[in-house]
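The report that follows describes a protein and DNA model, moving from chain architecture to the DNA surfaces and then to selected local features. Please read it alongside the sequence and the coordinates.

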2 protein chains.
Amino acid sequence: MLRLTKKADYGLMALKYLAEHPETPSVSAKDIADTYGIPAQLLAKVLQRLAKVGLLKSHAGMNGGYALSKAARTITAFEVIHAIDGPLFITSCTKGSKSCDLEPNCTVKEPLARVNESIAAVLKSITVYDLVDHETAVSRAAQLQQLVSLTARM
Amino acid sequence: MLRLTKKADYGLMALKYLAEHPETPSVSAKDIADTYGIPAQLLAKVLQRLAKVGLLKSHAGMNGGYALSKAARTITAFEVIHAIDGPLFITSCTKGSKSCDLEPNCTVKEPLARVNESIAAVLKSITVYDLVDHETAVSRAAQLQQLVSLTARM
DNA sequence: TGAATCCAGACCAATGAGGTCGGACATATG
DNA sequence: CATATGTCCGACCTCATTGGTCTGGATTCA
């Protein structure tokens, strides 16, 4: 179905929340989970992975929590998804290092890999800041669709 | 992980095979499965769905099999994936008709829906014919990436 | 008739996602 | 300094979905 996992969704929501509240030095995972009504422990695990990659800074102890380690503009959706769900491949057989083991004459993957790169490029062009301020993301997506339809017509 | 299912992969491979052999009036599911080394019964079920949707014409009996019902240029990757895996949604909570039931204040989905449409547009711009003749698909994907990077820089 | 093929449904197994539990650790406060 | 509170953190479990198989029936051609 080509959908990204709920964890990635939660991660994006949490980053958006942090970007919306830059004044608070660190917000706990529980607070974010409560505001969105999602399981706290699951969100905690997601945030842990984001902290491990370096997108978030964690602070233990009382009044502890998480904070963005970079500006919201410099965090792309691709980074977040990659950190949580691992490398994204549209083709199901290309799993990291080893390629199609069963079908050596599988020539379908090559063009699909290009499609994969295009999708990655789209995700890289969306930042956490765009999630907060809808206008830029919306207009950018509209532009992209126009461009795509143009190339399809050539 | 944002990957499409193996069934969709198999379907695209089969359509590519049919597009490469336009002279033969009908190819059996077993033949295609043997040439690619994929389970025959699973591919059969995939082809049945494609036939049900109208992308393929089936012919039972001896020397029977499948044939494209349209020109390869007019069959998009989006159609194939949609027929096999159902509607594609990048967000995991939007399932068809009913939207996010738990989080009414989930504002992340809106911009992601635009991203979803962009990806759909990319898939709609790739046809089965493009899978056979790599050049067009490759150059088109390269163009798309350039355009994306341009909009990202604005 | 019989062989080969499509078709439809139920059925099983494994992978991975969603979710939970207990422990380690850091900080605030008396 | 000691304790208690609240957080991070890793391992564990359950269950839905996917990938794949099996059985039986319908259709066509030699």
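## Architecture of chain A

Helices and strands are taken here as DSSP runs, a helix (H or I) having at least four residues and a strand (E) at least two, with numbering from the N terminus. The model is a predicted one, and in it chain A contains 7 helices and 2 strands, which follow one another along the sequence in the pattern α-α-α-β-β-α-α-α-α.

Chain A has 154 residues, of which 49% count as buried. When the contacts of chain A between residues at least 6 apart in sequence are considered, 59% of them join residues at least 24 apart.

## The surface near DNA strand C

DNA strand C is surrounded by 25 residues, and the closest are K6(A), K45(A), A29(B), S58(B) and Y66(B). Of the atoms of DNA strand C that come within 4 Å of the protein, 61% belong to sugar and phosphate. From chain B, a backbone N or O atom of G61(B) is placed 3.3 Å from a sugar or linking oxygen of DNA strand C.

In terms of secondary structure, the elements giving two or more residues to this surface are α1 (6-20) and α3 of chain A, together with α3, β1 (56-59) and β2 (65-68) of chain B. Sorted by class, the surface near DNA strand C has 10 nonpolar, 11 polar and 4 charged residues.

## The surface near DNA strand D

Around DNA strand D there are 23 residues, and those that come nearest are Q48(A), Y66(A), K6(B), P39(B) and L42(B). Sugar and phosphate make up 64% of the atoms of DNA strand D that come within 4 Å of the protein. A base oxygen of DNA strand D, in turn, is 3.4 Å from a backbone N or O atom of M62(B).

At least two residues of this surface are supplied by each of α3 (40-53) and β2 (65-68) of chain A and α1 (6-20) and α3 (40-53) of chain B. The residues of the surface near DNA strand D comprise 9 nonpolar, 9 polar and 5 charged.

## Helix packing in chain B

How are α1(B) and α3(B) arranged relative to each other? The two helices pack at an angle of about 75 degrees, and their axes are 9 Å apart. Because angles of 65 to 115 degrees count as roughly perpendicular, α1(B) is roughly perpendicular to α3(B). On the side of α1(B), the residues that meet the partner helix are K7(B), Y10(B), G11(B), A14(B) and L15(B), whereas α3(B) contributes L42(B), L43(B), V46(B), L47(B) and L50(B). This contact has 8 nonpolar, 1 polar and 1 charged residues.

Helix α4 of chain B, spanning residues 77-85, is mostly covered, with 7 of its 9 residues buried. The buried residues of α4(B) are A77(B), F78(B), V80(B), I81(B), A83(B), I84(B) and D85(B). The residue that follows α4(B) is G86(B), which has a positive phi near 85 degrees.

## Selected single residues

L131(B) lies in helix α6 (residues 128-132) of chain B. With a relative accessible area of 3%, L131(B) falls under the 20% limit and is therefore buried. Although L131(B) and Y17(B) are 114 residues apart in sequence, their C-alpha atoms are 9.7 Å apart in space.

N63(A) is found in the loop between β1 (56-59) and β2 of chain A, and N63(B) in the loop between β1 and β2 of chain B. N63(A) is not a glycine, yet its phi is positive at about 55 degrees; N63(B), also a residue other than glycine, has a positive phi near 55 degrees. Are these two residues buried or exposed? N63(A) counts as exposed because its relative accessibility is 74%, and N63(B) is exposed with a relative accessible area of 73%.

Terms used. Residues numbered from 1 in each chain as written. Chains lettered and ligands numbered in written order. Predicted model: local features only at pLDDT ≥ 70, side-chain atom pairs only at ≥ 80, totals over all residues. Heavy atoms only, no water. Near = heavy atom within 4 Å. Polar contact = N/O pair within 3.5 Å; in protein donor to acceptor, adjacent residues only side chain to side chain. Nonpolar A, V, L, I, M, F, W, Y, C, P; charged D, E, K, R; others polar. Buried < 20%, exposed > 50% of the residue type's maximum accessible area, 1.4 Å probe, protein only. Axes fitted to C-alpha atoms, helices over the stretch in contact; angles between N-to-C directions. Parallel < 35°, antiparallel > 145°, perpendicular 65-115°, else oblique. Contact = heavy atoms within 4.5 Å.
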